[in-house]
Amino acid sequence: MSDKIYDVPAAWAQRAYLDDHGYRAKYEASVRDPEGFWAEEGKRIDWFEPYTRVKNTSYDPGHVSIKWFEDGVTNVAWNCIDRHLDARGDQVAIIWEGDDPSESRLITYNELHDQVCRFANVLRNRNVEKGDRVTIYMPMIPEAAYAMLACARLGAVHSVVFGGFSPDSLAGRVRDCGSRVIITADEGLRGGRKVPLKANVDAAIAKAPDAEVDHVIVVKRTGGTIDMTPGRDVWYHEAADLVTSECPATPMNAEDPLFILYTSGSTGSPKGVLHTTGGYLVYAAMTHHYVFDYHEGDVYWCTADIGWVTGHSYILYGPLANGATTLMFEGVPNYPSNSRFWEVIDKHKVNIFYTAPTAIRALMQGGDAPVLKTSRASLRLLGSVGEPINPEAWEWYYRVVGEERCPVVDTWWQTETGGILITPLPGATRLKPGSATRPFFGVIPQVVDAEGNVLEGACEGNLVIADSWPGQMRTVYGDHERFMQTYFSTYPGKYFTGDGCRRDADGYYWITGRVDDVINVSGHRMGTAEVESALVAHPKVSEAAVVGYPHDIKGQGIYAYVTLMAGVEPTEELRKELVGWVRREIGPIASPDLIQFAPGLPKTRSGKIMRRILRKIAEDEYGNLGDTSTLADPAVVQDLISQRQNKK
Ligand code: PRX
């Protein structure tokens with residue numbers, strides 16, 4: 001923990017919507033009278049029919065139910081596009097920066113309207129209706145945004161699958177939500193390398209014959225050679241030529257689903273996190289407004305991929321609901337050079353920049369020079385998201401990138417929360433490097449011990465949220481029981497985040513990371529169980545246990561203990577083969593960083609793998625293994641330790 005404190009810069013205190021006093025007063029009002037507070041805030045979006053009921057939520061065990069603005073009628077695409085047309089039809093809505101620095105495009109709100117309507121009509125012509133699920137497996141090109149907004153316009157539910165996922169992962173997600181339409185591109189382009197998206201879609205459909213995919217809509221990005229299946233596959237540009245650019249926005253109830261986004265948990269396959277219409281948009285728009293202190297005319301850039309929740313809430317929905325100019329970047333931070341982020345900031349005069357600690361750490365390793373050769377004069381605010389940011393990376397970001405004039409907002413939230421829950425507000429909050437600081441309006445964090453006792457004052461324990469906020473997920477798609485079990489059964493009556501945290505004497509929150517079997521690799525969530533089941537699917541593997549371990553750049557790396565089938569030799573080739581196998585099964589983000597061949601795994605007498613011990617060994621903390629008295633065979637641990645030491 002760093003004990004440094006940074007005051008709000010004078011320039012910020014003047015321009016920001018809220019100072020510290022303003023924050024405290026508004027926070028107090030939000031928790032004293034949530035009904036009244038959100039009744040007002042709900043008006044930041046347009047409603048076709050106003051709501052009369054604001055909050056109807058229950059965390060009661062067995063009856064969890066979350067509804068906000070439930071009788072209101074609106075449409076998300078209308079709010080993100082149509083309502084801006086009179087005042088700012090010619091303003092740029094999306095700045096697109098291609099992988100290749102010579103490629104960029106400016107898309108005005110008027111053009112966005114035309115493009116989204118066209119896309120919606122292409123979907124409508126393929127019988128996509130309100131409530132239908134549509135899978136989007138796309139690179140970071142404007143058409144990905146058009147496709148999402150087109151679904152929202154029609155009331156179809158999009159499920160965006162990150163373009164780095166394998167055909168298997170894609171197939172599982174397509175099958176789970178029963179989507180009959182997939183939107184993709186011929187190939188993606190990242191760091192000069194091509195990603196075979198359409199070929200992956202073909203492979204996914206072949207793997208999921210029961211999935212009943214009727215239509216694959218293919219956007220041309222690279223022009224690479226792909227197979228088209230007649231009757232099923234269509235080029236987007238050909239289909240779009242046949243339709244008009246007018247398409248009415250379907251009236252949607254506030255609680256109608258907007259999207260599903262699959263995310264990893266401790267157990268089982270990824271869960272389809274379901275977000276709905278009204279509360280989600282109000283919350284995304286409001287957090288974008290206050291956390292980034294967004295003002296008219298600001299150029300805002302979030303570097304996330306549209307395949308993650310950060311891309312949904314803070315590239316697309318929050319900024320566009322606020323009529324902002326949002327930058328969408330196809331490439332990677334180190335292509336063509338380590339200066340790319342900063343060059344893009346100069347090229348498009350970016351004011352607000354939001355990225356992940358893993359990118360900051362990687363760039364920090366390249367030294368200050370690639371940053372210092374750029375101006376960054378337009379920058380006013382820096383943001384961080386996705387994983388704990390270590391104080392060294394925070395300081396570098398603040399000092400070198402932001403030249404000590406840009407506050408850093410370290411925003412803590414999750415796919416499940418829809419928007420930011422714990423964060424500084426740049427004009428209001430004194431900053432401590434590494435702390436996400438204080439709760440956003442309406443959010444009631446609590447720290448509890450293992451028994452669920454609520455801890456007071458400075459303390460350390462597990463992070464729960466005591467009451468609902470409008471951006472909260474509503475259910476796990478198709479499995480409300482799993483929703484209640486996963487989030488509301490550990491501490492009945494409270495939402496359990498899965499994160500550990502400390503609260504200091506100033507009431508600041510310091511997120512310490514996951515306390516469940518989820519690891520956070522480069523800001524991407526990965527269930528250890530998923531990697532394990534990929535490994536044991538290999539014919540030479542008999543058993544596998546996966547844990548996270550500290551990694552300088554990725555935050556956490558993937559450490560896999562693998563027991564081979566009897567008679568199989570542990571070789572370097574096999575190690576490589578297994579890494580490649582997991583990449584193919586799940587995707588490159590799941591590649592194990594270290595594989596240790598283990599003749600046996602530490603288990604209790606009832607056969608349960610003792611991951612706590614495996615974690616300690618992976619972290620090199622042999623002296624501190626904790627209680628080992630329940631081990632069935634203590635020799636196994638000694639064996640693993642000496643192997644680990646030999647490897648160093
Ligand atoms: O462990 C927390 C970590 O990321 C998890 C949520 O991951 P995901 O659903 O993929 O969403 C990531 C983007 C919102 C959390 O449970 N996390 C996210 N932001 C932070 C963080 N940990 C520490 N500090 C953060 N600012």
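Predicted model: local features only at pLDDT ≥ 70, side-chain atom pairs only at ≥ 80, totals over all residues.
Is the crossing of α8 and α9 right-handed or left-handed? The crossing of these two helices is right-handed.

## Packing of α8 and α9

Helix α8 spans residues 167-177 and helix α9 spans residues 197-207. Their axes are 8 Å apart, and the two helices pack at an angle of about 60°.

The loop between α9 and β11 (215-219) contains E212. Phi of E212 is near 55°, which is a positive value in a residue other than glycine.

## Packing of α7 with α12

A further helix pair is formed by α7 (residues 142-154) and α12 (residues 309-321). The axes of α7 and α12 come within 12 Å and cross at roughly 60°. Because of this angle, α7 is oblique to α12. In passing α12, helix α7 makes a right-handed crossing.

## Packing of α20 with α21

Helix α20 covers residues 611-618, and helix α21 covers residues 635-646. The axes of α20 and α21 lie 10 Å apart, with a packing angle of about 20°. Angles under 35 degrees count as roughly parallel, so α20 is described as roughly parallel to α21. The crossing in which α20 passes α21 is right-handed.

## A cis peptide bond

Y335 and P336 are joined by a cis peptide bond, for which omega is about -5°. P336 is located in the loop between strand β17 (325-329) and helix α13 (340-348).

## The ligand site

The shell around the ligand consists of 16 residues, and the closest are D410, T411, T415, D499 and R525. By residue class, the shell divides into five nonpolar, six polar and five charged residues.

For E387, the distance from a polar backbone atom to a nitrogen atom of the ligand is 3.4 Å. Two or more residues of the shell come from each of the strands β20 (408-411) and β26 (509-514).

Technical notes: Residues numbered from 1 in each chain as written. Heavy atoms only, no water. Near = heavy atom within 4 Å. Polar contact = N/O pair within 3.5 Å; in protein donor to acceptor, adjacent residues only side chain to side chain. Helix = DSSP H or I, 4+ residues; strand = E, 2+ residues; numbered from the N terminus. Nonpolar A, V, L, I, M, F, W, Y, C, P; charged D, E, K, R; others polar. Axes fitted to C-alpha atoms, helices over the stretch in contact; angles between N-to-C directions. Parallel < 35°, antiparallel > 145°, perpendicular 65-115°, else oblique. Left-handed = near helix turned anticlockwise from the far one by under 90°.
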